[in-house]
Every structure is written in C-alpha cells, then in structure tokens.
Amino acid sequence: MAGSPALKFTVRRQPVVLVAPAGPTPRELTRLSDIDDQDALRFQLPIIHFFRRHDGRNDDPAPVLRDAIAAALVHYYPLAGRLRQLEGRKLAVDCTSEGVLFVEADADIRLDQFGAALQPPFACLDELLFDVPGSSGLLDTPIIHFQVTRLACGGFIMASKIQHTVLDGPGMVQFLAAVAELARGAVAPTVRPVWARELLMAMHDDPAPPTVFTHREYDDVPDASGTIMPLESMVRRPFFFGPGELSTIRSHLPPAVRRSATAFDLLTGCLWRCRTVALAPVAHEEMRMICLVSPRGRKQQDGGTPVVPVGYYGNAFACPVAISTAGDLCANPVSYAVELVMKTKREVDMEYLRSVARLMVRRGRPHFTMVHAYVMADVSKFGFRDHDFGWGTPVYGGMAEGGIGHMTGDTSFLIAVKNSKGEDGLVVPVCLPSPVMDKFVEEMRRLM
C-alpha cells in the first residue's frame, strides 16, 4: 500500500529489467569533470512526470518508452555505463553498455485522485519509484532508474532517478527530450549530446586566474550548536507564488532593485529572511544563502559562441553563498536579503566554475558548508513540463521531492506549476520543524 491516509493504492510491479543501448557503442573509461564529482553531488535525484489519458492512443506506454530509452542510449552511451572511483576520489564512467534500470507497474488509482494541484513532495514516491535493492549506491550501479506506472484511468506516471554526478537538471531534461523525440518517431535527437567534461577539469598547466575567488561556500565551519536539521519531526509545506504574490514582494523593494530583481532573487531573499526570523538564531551567527547558479545560455566575448556548449549534459553550475549575520538579516527590510542574493549571483561565470574545479582537486572534493545554510535552486525554466512522449505534455513534470535528499531540511526548489485554480506560478516546498514552520508562516503572512 502507498501514500498518506488520504491516498492509498496498490502497485503491482513487473520484474526489473536493464535497458541497454539499441545499437553498438564505444567501450571506454571517461572521466567526469571536477565540478561533477564534488561531494555535494554524490546522490540520486528523483524526477517525476504525470500524464493524462490520451484519447488518440490506446497502446501501452511502457514498451514505447523502453524502446525510446534504448535508442537514446546509443547517443548518450555513458549513461548506460557504471561509475568507478579512481585515484584522489576522482569519478569516471566505465562505458560498459550494461544499461539503465527499467520497471513497469500498474496502480489501482486514477490521476485525479492525486489532487487538482500536483506538486512535491509526493508522499507515495516510494511506490512510484521503487528502490530496487542494490541500486542506491554511487559506484557500480545503474546511472538512471526509470519506473513507468500505468493508472486505472488510462494515464500513466514516469518517474526517474539520476546519478547527479553524471548530469545536472538541464542535462536530464536534454536526455528526456531525446527520448521523447525518439518515442514520437524521430530518427535521431535534434540536440546532439556533448560529453566534453575537460571543459571543467582543473588542468596542471592552468595559467594563474585573473580573478581570485574566496569561495566562502566551502568554508570549514564546525556545527557547534547543531544547526544542520535532521528530517525527524519535520513539517513539509509547499508555498505557491503567482503574479500577485510576486508583485506584493516586489513592492517592498527600492525602485532600482524592483526593476532588475528576478523571481528567483525575490523569493530567495524573501524566504531566507523569513526562515532566519523563524529559526531565531543568535544575532551574531553568520547565516548562509547558497544559490545554485549556472552560466548556461551566456555567450563568449565574440557574442555568438555559448560559454557552455549546446548539448553539454554534465553539471555546469556553481554554489556561491550570500552571507549575513542573523541580526542584520532580521533587522533590515527584505530588500537587504534580495540585494545580497543578486550580488552573489553576479559572481558566477565560467572562470568561477574553473576556480571551483581547482579548489575541488586541491581540497579533496569537499561538500559546501551546510552550517546555518539554506540552499535554493531554480528549476522552473529547465523544461520538464515540455516533454511529450506521444501522449501530450505532462500535467506535472519536475522534481519529485521538495528538497535535496540528505539536505531536504535545508534546501528548496523553485518549481513551475499550475495551482488548483489553473493559475501558472511557482511553488517552493519548505521543510522545517513544526514550531519553526508556524513562525515562518506568520512571517510570510506579515510580509504579504
């Protein structure tokens, strides 16, 4: 049985299979970049898509998707391999063509029983993405795990789990777009995959960097007061922000900041400040807002060539940190936090990423500091909602959990959704201890 007391259903799974590339692929050992294999990315990231019944199709989606995955793996053949660890904790993909995990299942539940507004966290995820024994490790396990669950109404759910060290969110969107094109009959993906992990490798003969970055996100800070929150006794709650809510937050900013702040800047600054007030730390404590920032889409100085090649599906983001004392964060208006976030984001370019790569090699691939930290990632524009495997675009497509695995209590995503009224907006799942959540909600209401 699965789900919360309000959502119970039975899932019947067929035997697990490995889906290998549909054609011959190279056998090689290819290293990940020095951004890919940092400690903070050594986990599996779950993604989920919910699809309605398509009136024009009565065929079974599972074999269609399985065959399309096999065809896509010919182009993305490292994803069919296995991770190995080399000297200095360096990770590499052994391109064995063993394949990805694939599970097909049936559930005695209709899509409408999941509710009018689909958004994480999904309490029934353990049934919709079965944890196959032996598949949760980092080394010598499948890099991607798929489960296609047929629903009683004729719709279906496709859930997947990726090894984050091998590809980031845009990389997974790119791979799934290839699967979708092939499922609809294309001969080859429109976007050709680019491995090129040397792009973000620390080279021994690198010239001295023109800018020296402090990288305070990797400060060595002892957790003397136990600030890293365990998941026990946590309350998970999603917060929806439509145009009206964003406009209200924007109205608190000075005109110059109001014009230039993005939705990410607004919400990250707002949530950081409200969360700090709710946690009520000692005034002199340093609070950290870690922002996941990517230079994808930016152009080189020639104005035409992207700094991250089109088709690159490795990790291409940094985790810069905004820092303020708790006292300053709570005493100042929300514009103070928003401006700190904006300043922090501006630091990140390709030279910043290469500097992180050098730090990773020099310091043994550390995790960024989580003491008094909150992590925010904007996945709203990645394109998870655009995937059409032949049954139309999903009712929901995106993150399956509200935060990042082992850091769920200290992380949030900005996710594009429709609410129960059909309005487009952003949802931010937040996870806090129950009494802290009450204070957080009150602080958010005061701001609104």
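This is a predicted model: local features need pLDDT of at least 70, side-chain atom pairs count only at pLDDT 80 or more; totals for chains, interfaces and linings use all residues.

Visitor: Start with the core. Which residues have the most contacts inside the largest nonpolar one?

Guide: Phe 114 and Phe 175 do, in a core of 146 residues. Helix H3, residues 169-183, gives the most to this core, with nine residues.

Visitor: And what does Phe 175 touch?

Guide: Leaving out residues up to four places away in sequence, Phe 175 touches Ala 72, Leu 73, Tyr 76, Leu 79, Ile 144 and Phe 146. Ala 72 and Leu 73 are also among the buried residues of H1.

Visitor: OK, H1 then. What covers its buried residues?

Guide: The cover includes H3, plus strands E2 (17-19), E7 (100-107), E8 (144-151) and E9 (156-163). Besides Ala 72 and Leu 73, the buried residues of H1 are Pro 61, Ala 62, Leu 65, Ala 68, Ile 69 and Ala 70.

Visitor: How far apart are the end C-alpha atoms of H1?

Guide: They are 22 Å apart, which agrees with the 21 Å that 15 residues should span at 1.5 Å a residue. At the start of H1, a side-chain oxygen of Asp 60 comes to within 3.0 Å of the backbone nitrogen of Ala 62.

Visitor: Switching to rings. How many aromatic pairs are there in the whole structure?

Guide: A search finds 14. Take Phe 50 and Phe 114: their ring centres are 5.3 Å apart and their planes sit at 70°, so that pair is edge-to-face. Phe 50 is in strand E4 and Phe 114 in the loop between E7 and helix H2, 64 residues apart, so the pair links distant parts of the chain.

Visitor: Are those two buried or exposed?

Guide: Both Phe 50 and Phe 114 are buried. They also belong to one aromatic cluster with Phe 9, Phe 122 and Tyr 396.

Visitor: What about Phe 382 and Phe 384, how are those rings arranged?

Guide: That pair is tilted, because the planes are at 50°, with the centres 6.3 Å apart. Phe 382 counts as partly exposed at 27% relative accessibility, while Phe 384 is buried at 3%.

Conventions: Residues are numbered from 1 along each chain as its sequence is written. Side-chain values use heavy atoms; hydrogens and water are left out. A nonpolar core is a set of buried Ala, Val, Leu, Ile, Met, Phe, Trp, Tyr and Cys residues joined through side-chain atoms within 4.5 Å. Buried means under 20% relative accessible area, exposed over 50%, partly exposed in between (1.4 Å probe, protein chains only). Helices (H or I, at least four residues) and strands (E, at least two) are DSSP runs, numbered from the N terminus. Contact means heavy atoms within 4.5 Å. The expected span of a helix is 1.5 Å times one less than its number of residues. A polar contact is a pair of N or O atoms within 3.5 Å; within protein, one must be able to donate a hydrogen and the other to accept it, and residues adjacent in sequence count only if both atoms are side-chain atoms. Rings of Phe, Tyr and Trp (its six-membered ring) pair if their centres lie within 6.5 Å; planes under 30 degrees apart count as stacked, over 60 as edge-to-face and the rest as tilted.
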